[in-house]
Amino acid sequence: MANTTRCSNAGPRKANCSAVVGLQWGDEGKGKAVDLLAAQHDAVVRYNGGANAGHSVVVGGTRYALHLIPSGILYPGKHAVIANGVVVDPWKLIEELDALATRGVDTRGLVISSRAHVVLPYHKLEDGLREDLLKGGGGERAQGVVGISEIGTTRRGIGPAYADKVQRASGVRMGDLLRPGVLGEKLDLAVTIKRPLLRELAGKQPDIDLPRLREACEAVGARLGPMITDTTYLLHSIIDQGRPILFEGANGTLLDVDHGTYPFVTASNCGSAGIPAGTGVPMANVSRVLGVMKAYSTRVGSGPLPTELKDATGDRIRERGREFGTTTGRPRRVGWLDLVAVRYSAMINGVTGLAITLLDVLAGFDELRVCTAYSINGEKTERFLPDAIDLAQVQPVWTSLPGFGEDIGACKRREDLPAGARRYVEFVEESVGVPADIISVGPDREQTMVRAGVA
Ligand code: IMP
């Protein structure tokens, strides 16, 4: 295990850390924002989620799709930290490490918390079988009471792995991969509990070979062992030296298990509230929270999307925005910008600045619609309704803004934007009450307008 340092609690808190969080349903373009800020930070830290996330970063003309490894890995000399709040599929992680190595990326900066939980094959099996059950309306479930269909998960085992973490006795942590006795006992218990459940769900004996699973876990433990450490002490030692850390949120606030559109959410705290629990670093150390939002809305999987466009306009935005999942390849559902939702997310996260992405995708429309309130049972409200059953009842109240005809991909400064695009950004800033620190008008690093002093 890597060395960790003892830290002091004396003196004032060094609040020079930053966070990048998604303000919608994931896929907001957080990778680009992290990429822009990474250079100013000594460590880039993932604190939630697992291989369900997909961050695309384009560096030096090369596109990297990262699922588990923090984007900081692309910066030599920085720590890329997978903290305790993440659930790690070690086989996927090794695949990702190997893919980076073949492209010449130095991955020695990666460290993994010994307390991060392990996603095991039976978690993925359970995730898929639960989804199949929900999809088929199977079993003897009462139908139509709460309108729950499949969640539309990535089937990467995320929910079942977090559930086992909370169940405790059978939860396997990364550090356990290095303790054969503990590992064996935990796997034995987990499989004893899972087998009848999986048999019932699958209608046949599940394919779990315990001795082989144990061997496979020991093998990945041997490979990843040198990277497994106490990341909490590591992060505090960095903070004690006055060096800044960047926290990289995965998924999006509206998929947050507590604050998102439950039950159509992921299983972790995706917003800034996930940082203290998922890393051991208090929020007092984080002075900047950059909230990343698309200039429109997208969602993958099931659940309400009040501004959804199921027409040619939606198709056009999907095509122009290349709205197909990084992790699953699924076409994303698309809608106009929902400012009720974004305002709520900005509030939950304590957002200090916005990064508005994919503004270029909206070029060519005569009119741009934004949802500024909801109507529910004939009443108007400006409050977001995070409960999925409630949110499914709302109708958007629209504000119409002028469009912009020109392609804006070549604009370098905010003043270069056509009047319609500038007005759109100002409208978002006024409505959310937070300035746009970053405006992105294309996939390349150069196609980004950054407010002075931000990066
Ligand atoms: P899970 O995280 O695989 O359990 O999936 C739960 C829900 O979150 C599904 O609707 C997924 O499509 C969605 N989801 C999870 N991660 C992401 C992400 O990074 N971007 C967009 N949607 C996501």
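This is a predicted model: local features need pLDDT of at least 70, side-chain atom pairs count only at pLDDT 80 or more; totals for chains, interfaces and linings use all residues.

Colleague: Let's start with D27. Is D27 buried, partly exposed or exposed?

Modeller: D27 counts as partly exposed, because its relative accessibility is 24%.

Colleague: And which residue forms a salt bridge with D27?

Modeller: R332 does. The closest N and O atoms are 3.3 Å apart. The pair links distant parts of the chain. D27 is in the loop between β1 and α1, while R332 is in the loop between α9 and β13. That puts them 305 residues apart.

Colleague: Is R332 buried or exposed?

Modeller: R332 counts as buried, because its relative accessibility is 6% and the cut-off for buried is under 20%.

Colleague: How many salt bridges does the structure hold?

Modeller: It holds 25. Take K294 and E323 as one of them. Their side chains meet at 2.9 Å, N to O. K294 sits in strand β11, and E323 is in the loop between α9 and β13. They are 29 residues apart.

Colleague: Are K294 and E323 buried or exposed?

Modeller: Both are buried.

Colleague: Which residues are linked in a network with D27?

Modeller: K294, E323 and R332 are linked with D27 in a network of salt bridges.

Colleague: Rings next. How many aromatic pairs are there?

Modeller: The count comes to three. In one, W336 and F365 are edge-to-face. Their centres are 5.6 Å apart, with 70 degrees between the planes.

Colleague: Why does that pair tie together separate parts of the sequence?

Modeller: Because W336 lies in the loop between β13 and β14, and F365 in the loop between β15 and β16. So the pair ties together parts that are 29 residues apart in sequence. Both W336 and F365 are buried.

Colleague: What about Y344 and F384, what sort of pair do they form?

Modeller: A tilted one. It is 4.8 Å centre to centre, with 35 degrees between the planes. Y344 is in helix α10, and F384 is in the loop between β17 and α11. They are 40 residues apart. Y344 and F384 are buried.

Colleague: Change of topic: pockets. What volume does the second largest pocket have?

Modeller: About 250 Å³. Its lining includes W91, Y122, D207 and R212. Helices α3 and α6 are the elements that give two or more residues to that lining.

Colleague: How many nonpolar and charged residues does the lining have?

Modeller: Seven nonpolar and three charged, with no polar ones.

Colleague: Since α6 came up, where is E215 found?

Modeller: In helix α6. E215 is exposed, because its relative accessible area is 55% and exposed means over 50%. From P180 it is 35 residues away in sequence, and 9.4 Å away in space, C-alpha to C-alpha.

Colleague: Now the backbone. Which residues does a cis peptide bond join?

Modeller: Y262 and P263, with omega at about 10 degrees. P263 is in the loop between β10 and α8.

Colleague: What phi does D27 have?

Modeller: A positive one, about 60 degrees, although D27 is not a glycine. R168 also has a positive phi, at about 75 degrees, and is not a glycine either.

Colleague: Where is R168, and is it buried or exposed?

Modeller: R168 is in the loop between α4 and α5. R168 counts as exposed, because its relative accessibility is 64%.

Methods. Residues are numbered from 1 along each chain as its sequence is written. Side-chain values use heavy atoms; hydrogens and water are left out. A salt bridge is a side-chain nitrogen of Lys or Arg within 4 Å of a carboxyl oxygen of Asp or Glu. Helices (H or I, at least four residues) and strands (E, at least two) are DSSP runs, numbered from the N terminus. Buried means under 20% relative accessible area, exposed over 50%, partly exposed in between (1.4 Å probe, protein chains only). Rings of Phe, Tyr and Trp (its six-membered ring) pair if their centres lie within 6.5 Å; planes under 30 degrees apart count as stacked, over 60 as edge-to-face and the rest as tilted. On a 1 Å grid over the protein atoms alone, a cavity is a set of points where a 1.4 Å probe fits but cannot get out, and a pocket is an open set with protein on both sides within 12 Å along at least five of seven lines; lining residues have an atom within 4 Å of a point. Grid points are joined across faces, edges and corners, and a volume is the space filled by probe spheres set on the points. Ala, Val, Leu, Ile, Met, Phe, Trp, Tyr, Cys and Pro count as nonpolar, Asp, Glu, Lys and Arg as charged, and the others, Gly among them, as polar.
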